[in-house]
Amino acid sequence: MKIKDLFKRKKRSTVRVVTSESEFNDLVYEGSYTKLSNNPEVRMAVDKIADLVSNMTIHLMENTEKGDKRLKNNLSRKIDIEPHLNMTRKTWVYKIVSDLLLYGDGNSICHISVDKKTGFIDNLTPFQMVGVTYEDLKKGYKVHYNDKDYDPDELIHFVLNPDPNYPYKGTGYRLVMRDIVNNLQQATKTKSAFMSGKYMPNLIIKADGLTEEFQTPEGRQKLLDKYLSETKQGQPWIIPADLLEVEQIKPLSLKDIAINESVELDKKTIAGLLGVPAFFVGVGDFNKEEYNNFINTKIMSIGNIISQTLTRDILYNPDWYFKMNPRSLYSYNLTELVSAGSEMAKINAMRRNELRDWVGLDPDEEMEQLLVLENFIKEEDVGNQNKLNGGTDT
């Protein structure tokens, strides 16, 4: 070994400490990554879905020979009113839906804790999905959370868009929407640059380039101070005709560079992927039929995921099941409610007090009686009418 080699310093390897998920993504994608939760269009769509699903009441139902009926007991109250000590049903369901669509990549997990004295459900605690990992086993899987392992029997695992290779796990929208979200982010930066007006002067002043005074920035500023800055507001500019020429220009707009059309297309794509009408993300006008179809499809689909998962993981009685009620979510006016309720009341399909409840009125004792038109009779009494026997009905 040569003597000079003894005095060579070894190169130290530097270690970059990453303190957050966003910092890691910025490092990997070289600053081009945008979290879905930071995109306004994605947040608007997810918030609308989560808000609507969490507005639906959760009914505990029982299968009977005469049809399904709603049960009201401690279990139904626990799920629909207070699933967690510090959460209402709305906040609890909102957390589940936002995890499925945004934060949990198609998964949301709640831990079931049981009161040791009564044996009843104590709390259904949602996990923070950023701390959840999965371990695949030959028969099933395990969930790791906060340095602890959980079996699926201890949890309620909600799944959206099941993974084709691991059906117990869901898949989210992070990868499919990454490029679209980045495009929208870049479009926002472009609009901000246009709005600042830095590169869009309204006036162009042509000056004689042969004049030595105009060769330096100081000289050009002196020109502006002499002929333009000293002019009072409202007074005309007086400048030498052979020295300066003022020309007004029309700057490019966002429409000229077709950025609005591109942004609108990306917004429609996001709306289509999340299953919401485009007017929820600022494209187009409200459409009642499209909105009601959205309730019947996307909202009810997520509602079925929640109700079926609760039925599977909580209930032991084979005749019981959970159901989410979407009736209050549809778009209809008071006239439509009264018209539909009146038709049902005419054929004894509902009491008038039920109709009053639909329109937000208190029950009335006089409205509890059923009213039947004289020509609505039982099938077996059709042949007993007096008019068929030569008489008159009374």
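Surface patches are made of residues with over 30% relative accessible area and no salt bridge, with like charges joined within 9 Å and nonpolar side chains (Val, Leu, Ile, Met, Phe, Trp, Tyr) within 5 Å. A salt bridge here is a side-chain nitrogen of Lys or Arg within 4 Å of a carboxyl oxygen of Asp or Glu. The model is predicted: local features need pLDDT of at least 70, side-chain atom pairs count only at pLDDT 80 or more, and totals for chains, interfaces and linings use all residues. Residues are numbered from 1 along each chain as its sequence is written, and side-chain values use heavy atoms, leaving out hydrogens and water.

A patch of negative charge gathers Glu135, Asp136, Asp149, Asp151, Asp153 and Glu154 on the surface. Aspartate 153 sits in the loop between strand S7 (148–150) and strand S8 (155–159), helices (H or I, at least four residues) and strands (E, at least two) being DSSP runs numbered from the N terminus. Aspartate 153 has a relative accessible area of 74% and is exposed (buried is under 20%, exposed over 50%, partly exposed in between; 1.4 Å probe, protein chains only).

A nonpolar surface patch is formed by Leu175, Val176 and Leu273, with about 280 Å² of accessible area together, computed by the Shrake-Rupley method with a 1.4 Å probe and, for residues, only the protein chains shown as cover. Valine 176 belongs to the loop between S8 and helix H6 (178–196).

Turning to the strands, S5 (residues 132–137) pairs with S6 in the antiparallel sense over six bridges, where pairing requires that DSSP find at least two bridges between two strands. In the hairpin of S6 and S7, asparagine 146 adopts a positive phi near 55°.

Antiparallel strands S3 (residues 107–114) and S4 (residues 121–126) are joined by five bridges, with valine 114 opposite isoleucine 121.

Conventions
Lys, Arg positive; Asp, Glu negative; His and termini not counted. Charge placed at Lys NZ, Arg CZ, Asp CG, Glu CD.
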